[in-house]
Amino acid sequence: MEKKAFHLANGSTLSLSQDFILPDDNRPVLSNLCPLLSIPVINMKDSVPVLVKKISQACEEYGFFQIINHGIPSELCQKMVDSVTDFFSLPPVERALLFTDDKTKPLRVSNYYLKVEGKERVAMWSETLAHPWHPVDDLSHLLPQNRPHYREIAPEYAKEIGSLMSQLLSLISMGLGLEKDFLQKSLGQNPRLVSQSNFYPPCPDPELTLGLPTHTDLNALTVLLQSQGVSGLQAIKNGEWIAVDPVPNALVVNLGDQIQVLSNGRYKSVHHRAVTNKDSHRVSIAMFYGPNKDIIIGPIEDLIDEQHPPIYRKYRYGEFLEEFHRQEGTRRKVKEMFELKY
Ligand code: OGA
Ligand code: NI
């Protein structure tokens, strides 16, 4: 499978043609990676006070960290990566049944793009499968009908991620000096839980394309599982790109825009992107935890005082989602639209 041309579900074929080649300004310069810095790796077997401190520091300084000894069996993680790979090995006509640009469709295959001047769009070197991962007891109507392996593994993985998310949200709450269930309560009883699996075929010239454009995650918290041994994810630190390379049996955790807003800017939702590589395909599975449309989000009262006036206004999450969709294909500035100007 590795070097054969990959046919997208939308009918096009990945190739170094104008449809996929980015203009100079948007290309990744892969020799410019900052080699000295890396994302903190946190051992979830540490004591709670140590975890609270380390996670809090990572949330302030990086907006990203990796966790090891997180309790999700490595066999299950591997099965999840394998079943996603298996899904993207389906003939394109079968994936095409799920292909849609309509963001309101719960189960969908899509292809990200960037709008660039003088052209309609440049497509990303990847394809994505997205669907809700809740309720975990009955995901069956939301999963691809034709993939028995995925249908069996995805709910099992979702259940594990559910407990891990709660644990992470309480550690993050405590880092902010709040009660441990504060963030989870603020995000509401029916959170919006979406999984996004990304498939990146090998690319003959990774400096001409991107797997995913530079973005921040719009939700509250993301837990990402990536193929072992294949690099691709990069995040910005101090204005420079750093690699978030796979660490054996680790999961990547990053904060989304809603935690940046709730924490009134103390914890960061950081820009990141996925680059391609020449040698092998790469898979990542992002599990998103966000509020539902009707929840009101704004800086938490306890975190506001004279020295820390609110940076953002309150909004209904549905409003944030609408703005997010309006900016599709651009270098989005969504939370900036909700900033208070003094
Ligand atoms: C995402 C994402 C990065 C990756 O799905 O939001 O940032 O490494 N994925 O695939
Ligand atoms: Ni992301």
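**From a buried serine to the metal site**

Reply: The side chain of S126 lies 2.7 Å from the backbone oxygen of G211. Please keep in mind that this is a predicted model.

Me: Where is S126 placed?

Reply: S126 sits in the loop between β5 (122-123) and β6.

Me: Is S126 buried or exposed?

Reply: S126 counts as buried, because its relative accessibility is 1%, and the cut-off for buried is under 20%.

Me: Which residues does S126 touch, leaving out those up to four places away in sequence?

Reply: S126 touches L8, N111, F199, Y200, P201, G211 and L212. One of these, P201, is 75 residues away from S126 in sequence, yet the two C-alpha atoms are 6.6 Å apart.

Me: Let us turn to the metal. Which residues coordinate the nickel ion?

Reply: The nickel ion (ligand 2) is coordinated by H215 through NE2, D217 through OD and H272 through NE2, at 2.1 Å. The spacing of these donor residues in sequence is H-x1-D-x54-H.

Me: Is D217 buried or exposed?

Reply: D217 counts as buried, because its relative accessibility is 6%.

Me: And what is the distance of the polar contact between the side chains of H215 and D217?

Reply: That polar contact is at 3.1 Å. H215 itself is found in strand β8. Setting aside residues up to four places away in sequence, H215 touches V270, H271 and H272.

Me: Which sheet contains β8?

Reply: β8 belongs to an open sheet of 4 strands, ordered β8-β13-β10-β11, with antiparallel pairing. β8 (212-215) and β11 (240-243) are the edge strands; each has a single partner, so one side of each is left without a neighbour in the sheet. On average, neighbouring strands here are turned by 25° against each other, direction ignored.

Me: How many bridges join β10 and β13?

Reply: Strand β10 (residues 233-237) and strand β13 (residues 272-274) pair over 3 bridges in the antiparallel sense. The bridge partner of Q234 in β13 is R273.

Me: Now ligand 1. Which residues come nearest to it?

Reply: Of the 13 residues around ligand 1, the nearest are Y200, H215, H272, R282 and S284.

Me: What are the distances from oxygen atoms of ligand 1 to polar side-chain atoms of S284, R282 and N198?

Reply: For S284, an N or O atom of the side chain is 2.5 Å from an oxygen atom of ligand 1. For R282, a polar side-chain atom lies 2.7 Å from an oxygen atom of ligand 1. For N198, the corresponding distance is 3.2 Å.

Me: What is the strand order of the open sheet of 8 strands?

Reply: The order is β1-β2-β12-β9-β14-β7-β6-β3, with mixed pairing. The edge strands are β1 (41-43) and β3 (108-110), each pairing on one side only. Neighbouring strands of this sheet are turned by 25° against each other on average, direction ignored.

Me: Which helix packs on that sheet?

Reply: Helix α4 (residues 148-175) does, touching β2 (64-68), β6 (127-132), β7 (192-200), β9, β12 and β14 (282-290). The direction of α4 makes about 135° with that of β9.

Me: How do β9 and β12 pair?

Reply: Strand β9 (residues 221-226) pairs with strand β12 (residues 251-255) in the antiparallel sense, over 4 bridges. L255 in β12 is the bridge partner of L221.

Methods
Residues are numbered from 1 along each chain as its sequence is written. Chains are lettered from A and ligands numbered from 1 in the order in which they are written. This is a predicted model: local features need pLDDT of at least 70, side-chain atom pairs count only at pLDDT 80 or more; totals for chains, interfaces and linings use all residues. Side-chain values use heavy atoms; hydrogens and water are left out. Two strands pair if DSSP finds at least two bridges between them. Helices (H or I, at least four residues) and strands (E, at least two) are DSSP runs, numbered from the N terminus. Axes are lines fitted to C-alpha atoms, for helices over the stretch in contact, and angles run from 0 to 180 degrees between N-to-C directions. Contact means heavy atoms within 4.5 Å. Donors are N, O and S atoms within 2.8 Å of the metal (3.2 Å for Na, K and Ca); water is not among the atoms, so sites may look incomplete. Buried means under 20% relative accessible area, exposed over 50%, partly exposed in between (1.4 Å probe, protein chains only). A residue is near a molecule or strand if one of its heavy atoms lies within 4 Å of it. A polar contact is a pair of N or O atoms within 3.5 Å; within protein, one must be able to donate a hydrogen and the other to accept it, and residues adjacent in sequence count only if both atoms are side-chain atoms.
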